[in-house]
Amino acid sequence: MTQKNLLMLFAVSFTLAANAQKKSERTTAYVITSAEKSSSKWTEVKLVDMITGEEIQSVYQSKSEVPLLNARTKKPVLKKDIVSEYSAGKGMVVLTQAKLKQEKEIRNYQNATVTITSPVENIQERKLMHRVSVVIPDAPFATNSAACAYDKKHDRLYYTPMGINQLRYIDLKTETPTIYYFEDEPLGVLSSPGDISNQITRMTIGSNGDGYALTNNAEHLIQFTTNKKATITDLGALTDDVSNGNYSIHNGGGYGGDMVADDSKDLYLVTANRMVFKIDIKTRVATYKGSIKGLPAGFTTNGAAVEKGTSIIVCSSTNSSTYYKFNLDNMQAEKIASGGSVFNASDLANGNLVSEKKKKKEAEEKPVEEKKDAENKNAETAKADKTIPQESMSPQKMALYPNPVSNGLVKISFENYQAGEYELQLMDLSGKILSTESAAINSKIQTLDYKLPLSIAKGTYLLKVVNNTNKVLNTEKIIVQ
């Protein structure tokens with residue numbers, strides 16, 4: 001093989017390896033969503049790239065026929081025959097599942113009950129009958145779902161349907177997904193399909209490999225093991241830490257949301273109204289950590305999945321514009337999905353755990369690094385004293401006015417900048433550069449006019465000043481009205 005061919009082969013191999021590494025580094029999550037974006041029927045499961053918002057794989061489609069097996073016996077789930085009787089005028093109407101399937105007017109509802117919608121007279125038998133709507137509860141997502149958890153060890157996606165007290169999971173190892181039901185084993189204490197307080201809408205897999213599900217009212221933290229002899233245990237109610245004050249985990253305004261786990265055997269609950277609680281599994285004490293900042297109005301936090309470290313991705317069931325991530329250290333959210341509209345969803349799940357190990361390691365190394373930085377800074381300062389005039393060492397300042405902006409024109413005041421060419425970068429809060437413009441500064445105090453792009457929408461943006469070595473000298477917020 002010639003040297004030229006060897007170089008080409010190396011280049012191709014390097015490119016493939018780089019692309020494979022890039023693909024492996026992307027953050028993905030299983031999403032309970034709809035067949036189409038911006039819908040609110042939570043009956044489909046997709047694997048989604050959380051950075052681009054693109055669908056990677058369709059895991060389950062409600063229109064598909066998939067094997068349904070009992071999780072204990074591995075035998076087919078027995079379809080239940082629904083029998084309903086109604087006193088109807090002169091006669092009695094008896095409805096069985098077989099008869100219901102023959103009725104053209106029947107369609108699925110989001111509860112496990114038969115609903116009378118309108119009367120119709122049976123001329124032959126002189127009986128007043130009724131059109132009915134019914135849901136067959138043994139369908140995988142018959143009543144929608146808002147809680148799922150990915151079991152990385154066994155490659156399963158656990159979930160529970162809304163209004164049906166039953167733990168189920170999708171086996172992802174098989175070419176065609178198979179769904180298993182823990183039949184006749186209650187997962188919680190639902191009194192009826194409309195019992196919102198005891199509905200399970202939060203679920204995750206802990207660092208110990210066990211699954212955890214939580215009711216809306218936080219009165220039932222349920223543990224389920226994922227081994228061959230799976231057990232389902234109600235651990236009882238959560239209690240508020242004394243420091244929580246008015247921020248109670250039992251507050252009705254926080255119903256919904258999702259849970260993630262950390263590598264220290266604790267859980268984090270993100271409620272649908274953006275509040276975050278840390279849950280100690282052993283003591284079942286919930287500690288309020290704060291409220292997520294920077295999310296747009298109306299963005300409910302229905303699903304959560306860990307990106308890495310202390311960064312958590314959240315999705316909304318009502319907003320399909322993008323996904324956001326926030327850090328547990330400061331609760332600040334930023335936009336991450338870059339591919340346009342995304343699948344709004346009722347829940348997210350992946351196998352990542354919140355980890356503070358890197359943070360602790362950095363804290364331990366910080367004194368050493370600070371000492372080195374101080375030594376380097378002193379050396380640079382001593383050198384600068386000999387080469388730079390004293391007045392140029394004053395801190396550079398930038399001010400914007402008017403701010404907020406209403407007419408698209410901003411004045412920028414520069415102070416203590418060295419004469420030269422600089423770049424102004426306008427960015428959104430996710431860090432995406434929207435526009436760049438050159439700025440020539442010739443004096444110690446100077447004011448320039450800056451025009452915002454005509455297409456810019458109302459909101460908050462960042463304006464950065466960058467020098468010719470790509471160093472950011474100043475950053476200021478611009479509020480566009």
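Reader: What makes the contact between the side chains of D49 and R26 a salt bridge?

Author: The definition asks for a side-chain nitrogen of Lys or Arg within 4 Å of a carboxyl oxygen of Asp or Glu. D49 and R26 come to 3.8 Å, N to O, so the pair counts as a salt bridge. D49 belongs to strand β2 (residues 44-49), while R26 is in the loop between α1 (3-25) and β1 (28-33), 23 residues apart. Before we go on: this is a predicted model, where local features need pLDDT of at least 70 and side-chain atom pairs count only at pLDDT 80 or more, while totals for chains, interfaces and linings use all residues. Residues are numbered from 1 along each chain as its sequence is written, and side-chain values use heavy atoms, with hydrogens and water left out.

Reader: Why is D49 called buried?

Author: Buried means under 20% relative accessible area, exposed means over 50%, and partly exposed is in between (1.4 Å probe, protein chains only). D49 has 7%, so it counts as buried. R26 has 31%, so it's partly exposed.

Reader: How many salt bridges does the rule give?

Author: The count comes to 7. One of them joins K173 and D171 at 3.2 Å, N to O. K173 is exposed because its relative accessible area is 54%, whereas D171 has 10% and so is buried. D449 and K411 also meet in a salt bridge, at 2.8 Å. That pair links strand β31 (residues 445-451), where D449 sits, to strand β28 (residues 409-415), where K411 sits, 38 residues apart.

Reader: How do you know that β10 and β11 pair?

Author: Strands (E, at least two residues) and helices (H or I, at least four) are DSSP runs numbered from the N terminus, and two strands pair if DSSP finds at least two bridges between them. Strand β10 (residues 156-161) and β11 have 4 bridges and run antiparallel, so they pass. In that pairing, L157 stands opposite I170. The hairpin has 6 residues between the strands, and G163 takes a positive phi near 80 degrees there. On to the next partner: β11 also has 4 bridges to strand β12 (residues 178-181), again antiparallel, with Y169 opposite Y180.

Reader: What covers β11, one face or both faces?

Author: Both faces are covered: R168 and I170 on one side, and Y169 and D171 on the other, are all buried. In a regular strand the side chains alternate between the two faces of the sheet.

Reader: What makes R156 sit "over" the ring of Y169?

Author: The rule wants NZ of Lys or CZ of Arg within 6 Å of the ring centre and within 35 degrees of the ring normal. The charged end of R156 is 4.5 Å from the centre of the Y169 ring and is listed as sitting over it. R168 does this with Y181, at 3.8 Å. Y169 also belongs to a cluster linked by ring pairs, with Y158, Y180, F182 and F224.

Reader: Why is the aromatic pair of Y417 and Y422 called edge-to-face?

Author: Rings of Phe, Tyr and Trp (its six-membered ring) pair if their centres lie within 6.5 Å; planes under 30 degrees apart are stacked, over 60 edge-to-face, and the rest tilted. A search of the whole structure finds 12 aromatic pairs. Y417 and Y422 have 5.3 Å between centres and 85 degrees between planes, so they're an edge-to-face pair. Y417 and Y422 are buried, too.
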